[in-house]
Amino acid sequence: RLEAWLAADQSSPSARAIRHEQLLHLADALAQLPADQRWAVELHHLRGCPIADIARDWNRTRPAVAGLIRRGLQALRQLLKD
């Protein structure tokens with residue numbers, strides 16, 4: 001899961017440098033997503049907001065928000081694979 005990857009504890013200097021590069025790569029990939037997908041992924045996976053809360057705040061259905069998250073994660077996987 002994305003949040004587990006971000007929360008990984010690495011303490012050596014080389015591990016921190018690698019982690020920093022990975023986070024920069026993730027930030028770049030997130031920036032390439034359409035705004036609604038990016039926000040949905042960030043809110044749900046990075047900030048821990050429930051899908052129901054996001055749907056309510058955005059005045060959308062839960063399936064619509066879940067679809068944004070799914071498409072955003074699929075795009076991120078492709079971008080991070082490249």
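Student: What share of the contacts between residues at least 6 apart in sequence joins residues at least 24 apart?

Tutor: In this predicted model, 49% of the contacts in the chain between residues at least 6 apart in sequence join residues at least 24 apart.

Student: What makes up the secondary structure of the chain?

Tutor: The chain has five helices and zero strands. Read from the N terminus, the order of elements is α-α-α-α-α.

Student: Which residues make the contact between α3 and α4?

Tutor: From α3 come Asp36, Trp39, Ala40, Leu43 and His44, and from α4 come Ile51, Ile54 and Trp58. As for handedness, the crossing of α3 past α4 is right-handed.

Student: Which residues of the largest nonpolar core touch the most other members?

Tutor: This core has 14 residues, and those touching the most other members are Leu30, Val41, Val65, Ile69, Leu73 and Leu76. At least two core residues come from each of α2 (13-32), α3 (35-46), α4 (51-58) and α5 (62-81). The element that gives the most is α5, with five residues.

Student: What is valine 65 in contact with, leaving aside its neighbours within four places in sequence?

Tutor: Valine 65 is in contact with Ile51, Ile54, Ala55 and Arg60. Ile51 and Ile54 also take part in the contact between α3 and α4.

Student: Why does asparagine 59 count as exposed?

Tutor: Its relative accessibility is 72%. The cut-off for exposed is over 50%, so asparagine 59 counts as exposed. Asparagine 59 lies in the loop between α4 and α5.

Student: What is the phi of asparagine 59?

Tutor: Phi of asparagine 59 is near 60 degrees, which is a positive value in a residue other than glycine.

Student: What share of the whole chain counts as buried?

Tutor: Of its 82 residues, 27% count as buried. The accessible surface of the chain is about 5,500 Å², and carbon and sulfur atoms account for 55% of that surface.

How values were computed
Residues are numbered from 1 along each chain as its sequence is written. This is a predicted model: local features need pLDDT of at least 70, side-chain atom pairs count only at pLDDT 80 or more; totals for chains, interfaces and linings use all residues. Side-chain values use heavy atoms; hydrogens and water are left out. A nonpolar core is a set of buried Ala, Val, Leu, Ile, Met, Phe, Trp, Tyr and Cys residues joined through side-chain atoms within 4.5 Å. Buried means under 20% relative accessible area, exposed over 50%, partly exposed in between (1.4 Å probe, protein chains only). Helices (H or I, at least four residues) and strands (E, at least two) are DSSP runs, numbered from the N terminus. Contact means heavy atoms within 4.5 Å. Accessible areas come from the Shrake-Rupley method with a 1.4 Å probe; for residues, only the protein chains shown count as cover. A crossing is left-handed if the near helix is turned anticlockwise from the far one by less than a right angle, and right-handed if clockwise.
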